[in-house]
Structure formats: C-alpha cells, structure tokens
Amino acid sequence: MAEPTIEAYYLEDRTFPPPPEFAANALTNDHSLYDQADADHQAFWAEQASQLEWFEPWTSVCEWKLPFAEWFVGGTLNVSVNCLDRHVAAGKGDKVAFHWEGEPGDTRTITYAELLDETQRFANVLKSLGVARGDRVNIYLPMIPEAVVAMLACTRIGAPHSVVFGGFSSEALRDRILDAEAKVLITADGGYRRGAVSPLKPNADAAVAETPSIEHVVVIQRTNNDVDMQDGRDHWYHEVMAEADPTCEPERMQAEDLLYLLYTSGTTGKPKGIMHTTGGYLTQVAFTHKYVFDLHPETDVYWCTADIGWVTGHSYIVYGPLANGATSVMYEGTPDTPDKDRFWDIAERYGVTLFYTAPTAIRTFMKWGTDFPARHDLTKLRLLGSVGEPINPEAWMWYQEHIGGGNCPIVDTWWQTETGAILIAPLPGVTTTKPGSATHPLPGIGAELVDEEGTRVDVGGGYLTLTQPWPAMLRGIYGDPDRYRETYWSKFGDRYFAGDGAKLDDDGYLWLLGRVDDVMNVSGHRVSTTEVESALVDHPTVAEAAVVGAKDDTTGQAIIAYVTLKGGNEPSDEHGQLLRKHVATKIGAIARPKTIIFTDDLPKTRSGKIMRRLLRDVAEGRVLGDTTTLADASVVEEIKRRAAETPTEE
Ligand code: WT7
C-alpha cells in the first residue's frame, strides 16, 4: 500500500460561507442534524427511514455483526412504491419526473403517473418471461428513459438488477452476467453518441452466446439499426409492452432483501459485485439527495450528468430523486454534440437549478473556454455538485464563477460504489466550504483518518476509514464474503477502509487525495491496474505488462502501460494502437491506455516484484525515488529513454 501523498495544493485561506439568501431558504441551516445524529445515531437514521412508506415497520434499527450490517430489520417496503405510487397517490401524478433529451434533440417528458404505468407494465413483462422474486436481471442500456423503467420494474417484483455500463465491452458484460447468473437481459439496438449510432445489440448477442443463464433478451428500439433477433429468446420492448397488463402489485420486500448488484474494480482483475439492499439504501439516498442538494421538489429542476451504469446514476438519477419526488433532466449523449455548449443549452431550456457533475467534465469545459457557458442564461442555477475524484481548487473556482455565476454553493461529494450514498460533503446551507475540500462527514457518518498502524490522526495525512455502519453501506461482495472481509475490514481492525488517502487540515476539513491501492481513477471511474494488465497480456504478442495511473490534467489520471513484447514482435506505433484497441475490446473504451511504452524489461525487485512506484515516477516525469532495491538499475534508464520517445494519444 502506498503512502498517501500529501500535496499542499489547497488554498488555505479561501473560504466560502453559504450565501445568505441561500442559507435563509435552505432545508437546514444550523447544526441540528449533526446534533441529532450525535445524540442518538439509531434514532437519527430511524427518523430518516420513517420518511419512506413502509408496509410493516422495522423491529430493530441496526444489527451490527462486524463486518455485516442489517438495517431496519423486519421492516417491509417496495422501492417502486416509494419512488412512484406514493407521489401519484399524493396527487403528484402529473408532476414531471424526467425531462429526457436524446442526443439528436428528440425529447420526452415523463410524469410520475406515466412512469408508474410503464413500470407496472414492464414488471408484468418480466414476470411473463419467467422472472420471479430474487431472480437477477441484467440491464445494458444507453441513457434512455427505459433504463429507469427497467430498474424500477425490477424493484417492483423484487428481482435484483445488475446494470452494466453501456460503454463496457461484450466480454465485460458476459463476465458480469455469469457472476450474477442473470435470467433476463434488457438491452437496446443502440444509442446515440457523438452524432452516430453506437450499437449495443451485437455486444449483447456476443455476451449471451456464452451466458447459459440468460433465457430471454428484451430489446428497446432506439436507433433503428439492423439487429439480429433470435426467435423465442429475443423480444422487442414495444411489442411485449403493447400486450402487457397495466397493473402489477408490488412485492413486499424485506428491508435487507437484495436491491441490486453493481460491479466495480478492485485491486485484482476480477470486478466485485457490490451488493446493495432495500430499506437502508433507499433511506440514505433519499436523505442525502434531499439535504446535500437542498432539494425543494416543487420548484427545483435537478440534473445529474452521470450515466445510469455507475452508482451515481443509481443513487442520484434514479432512486434518490424519485424517492424525493424531484423533477430531473436526463440526457442521452455527449456534452460536445452538436456543439460544446450542449449542457448549458439544456440547463437553460429546462431551467436547471441543481447541477451535479464530475471534475473531469469541469476541466474539459475549462479547456473549451468560457464562451460556451456564456452563450446561455444559467441564472436559474442555485447549487452545483461534484463527484468522482478530488476536484482541484482551480476547477472549483472556475465552476463557481463561470457556471454558478459566483453565487452558488458547491457541494463536493465523496462516496463510493460501496458506500451507496454520499458520506462526506457540505450541507450547503450550513457548511463554509473551501475549494478542493469535501469538508466534513455528513450527519450520521463517522469518518476518521488513521496512520499505517491504525492510530487515529487528527491533523495531517492518513488513510480514510469509516468508524460506524451506515444504512446504504454495501452488504458484501456477491458470492465472496471472504473477499469482502479482506478488502474492506482487514487493514485497520473494526474500521472500514475505503482505499483513499486524505488529509485533515488545522480547521478539521477533510481533503481527499485519491486512491492508495492499485486502482486508478480515470475520469471519475475506477479501473484496476491488474485488469488492464490482464487484458494486455491476453494479447498473443505481449510477454509482460505493467500499468500505472499518471496524473492527467483532464481525466485526473491517465492509464500508462509498459509492455514487453514476445520475441519476434517489433514495437511500433501501429502495434501500440493495436494493443490499445485490444484493451478497449476486452474491457471497454474507458480502460484504453493513453500511452503504451514498449520496453525490453520492467524494473523489478530482486524478488521479482514490479516496482510500480518507479514506473509512475517515469510516467509523471519525476526525479526517480529510491532505486536501490532494483535488481537491474539500467532498466530504468532504458525505460526513461523509451518513455521520452513515445507519443501520447489524445
Ligand atoms: C472512488 C470511488 C461515488 C461515485 C463515483 C465514483 C473517488 C469519489 C470523490 C470526491 C475525492 C472522490 C475516491 C473513491 N472519489 N468522489 N468527491 N473527492 N475523491 O464511484 O467508482 O466507486 O469510485 O472515487 O477515490 O474511493 P467509484
């Protein structure tokens, strides 16, 4: 495990108290939530859970048998009822749930009543295809409304979903279906990206050819490209929906029933199926969505730009906003189609008030320049959010000035796929922010830094740990309780170890500094070095590969691969391209190395361990650290020379 690097890059004395008018109208503007949570942790979370609609109340708030937590034990509820039926029953059926916009400019407005209707129909379709409570359903879709319908329909009948990001390869999809042993796959003919059709069905077909558990495939027609439909197995969504029964009784789910699996990268090559359950998860995503974004559901228009394939899409496009009866924007495509002002054009047209995006996107907007946001009236915006990686203070300031018009609080939200919900973030009506700091743990969350020995650190750098269970926490890794224990609960006793380094400043503000394990953060997405290495050595010409994440001005980290070819293969730019493409085919475009550096040897210790630290130093152009443990010091000189000669891909 690497020492967390403590960069003194923060702007010590720049602080931003909540703007007075914002604080005056905020849902909370004093310390009462923190005080309540401190006074009685269980009562605090019980109060939040009671905001949901339950069929039967819980008998116990939290049972904690380290590392396994159970929340709201004995309570029963249904997620789709909480996200849809109760709002319709309260007379909000005509309220807009989503202003959806496709990349070509086509739009759809979906009210809560319409979403409930489509969800029930699709729930009945799933049942007719043999999906029963407890069966897993895989979802592989672009950012279209049917993705939300598919997820909610699963929750209606108690079938856990496993959403796979539409940018992942067929092999990544196959592995995730195999691990979940899903019965049905929901996909589309394609989606629109950068003005072109990006087909999905061929990937789905390739995956399903090797996943015997899949009995049926439902295909949404989005792009009208030609697809192969296998008789008896494949069904068009619009055809089966036309015949579906419009009402579907919701299943009464136990609070601890599995709600979904979501796969994320860890330090090994095999993605982990993170398990989230029903009652605690919904409680905490609803609570955090309400208070971190200061959601006023009757007047706000909220937009989270994440993809549904990531946890941010699950918690803050689907479950949190819908549980709170919010009106959201959902957009299918890229921010530069047809022009680099697409996001601001959308924000203006729908009157977006709350905007949530990632630092990598903000840095891209900075590169594109201020003219694009300046073309649009963004004065309705009243709060900005950030997630996925540390936001550098420069990007924070730019975001505040050029998007927020200088008067929006910024909520920098730290959390993980595993945590399910935001854990560290400001409360915008309460917290004085500092650009680049996620500030403090939210009410009900215990977070502390520890040193290598596990001793608490009160000021300075350390490893971020969580000291108490929280309702939306992962319940384990699907099918692998040992890996769950080993990954999160073995390093610092009874603390959850997140894998991140952080610093606490003199004022008690937390500064997240990135991963300290072999996980890279590329554009806010976790990619493991081992996963990319495995994809590289899978190519017949590759003898050995070592992958590191190097600091990158736009994507946070960029993937740099050092590759040794097998005898008889010549390094060349073309060969580099071939290998980059190979990785994209094996995992997905997000894992494609930015640079491939060919080398005859890799720097190793005498025991044969690859010295990644040195490779990172080379990739980031640093003076090399300690090389005394190298078996052959000349290797590094050679690699430095090769690295200097290698062109970088944009
Ligand atoms: C990792 C989790 C949470 C949804 C998106 C990513 C990094 C996330 C922040 C932040 C600094 C952050 C951490 C974390 N991260 N948010 N606000 N400041 N770092 O989810 O793919 O599970 O990745 O993203 O390193 O461990 P994920």
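**Exercise 1. State how confident the predictor is in this chain, and find the stretch in which the confidence falls below 50.**

Solution. Begin with the whole chain of this predicted model: the mean pLDDT of the protein chain is 95, and 97% of its residues reach 70 or more. Then turn to residues 4-9, over which the pLDDT is below 50. In the model this stretch has 13 contacts beyond near neighbours in sequence.

**Exercise 2. Work out the order of the strands in the open sheet of seven strands, and say which strands lie at its edges.**

Solution. Reading across the open sheet, the seven strands follow one another as β12-β11-β8-β6-β7-β14-β15, and their pairing is mixed. The next step is to look for strands that pair on one side only, and these edge strands are β12, with residues 234-236, and β15, with residues 272-277. On average, and with direction ignored, neighbouring strands of this sheet are turned by 25° against each other.

**Exercise 3. Describe how helix α13 and helix α15 cross, and name the residues that make their contact.**

Solution. First locate the helices, which are α13 at residues 359-368 and α15 at residues 393-403; their axes come within 10 Å and cross at roughly 70°. Because angles from 65 to 115 degrees count as roughly perpendicular, α13 is roughly perpendicular to α15. The crossing of α13 and α15 is left-handed.

Next, list the partners: α13 contributes Ile-362, Arg-363, Phe-365 and Met-366, while α15 contributes Glu-394, Ala-395, Trp-398 and Tyr-399. Sorted by class, the contact of α13 with α15 holds six nonpolar and two charged residues, and no polar ones.

**Exercise 4. Carry out the corresponding analysis for helix α5 and helix α6, giving their angle, the hand of their crossing and the classes of the residues in contact.**

Solution. Helix α5 runs over residues 112-128 and helix α6 over residues 145-157, and the two pack at an angle of about 65°, with their axes 8 Å apart. As for the hand, α5 passes α6 in a right-handed crossing.

On the side of α5 the residues that meet α6 include Leu-115, Leu-116, Phe-122 and Lys-127, and among those they meet in α6 are Val-148, Val-149, Leu-152 and Arg-156. When the residues of the contact of α5 with α6 are divided by class, twelve are nonpolar, two are polar and four are charged.

Methods
Residues numbered from 1 in each chain as written. Predicted model: local features only at pLDDT ≥ 70, side-chain atom pairs only at ≥ 80, totals over all residues. Heavy atoms only, no water. pLDDT = per-residue confidence, 0-100. Contact = heavy atoms within 4.5 Å. Pairing = 2+ DSSP bridges. Helix = DSSP H or I, 4+ residues; strand = E, 2+ residues; numbered from the N terminus. Axes fitted to C-alpha atoms, helices over the stretch in contact; angles between N-to-C directions. Parallel < 35°, antiparallel > 145°, perpendicular 65-115°, else oblique. Left-handed = near helix turned anticlockwise from the far one by under 90°. Nonpolar A, V, L, I, M, F, W, Y, C, P; charged D, E, K, R; others polar.
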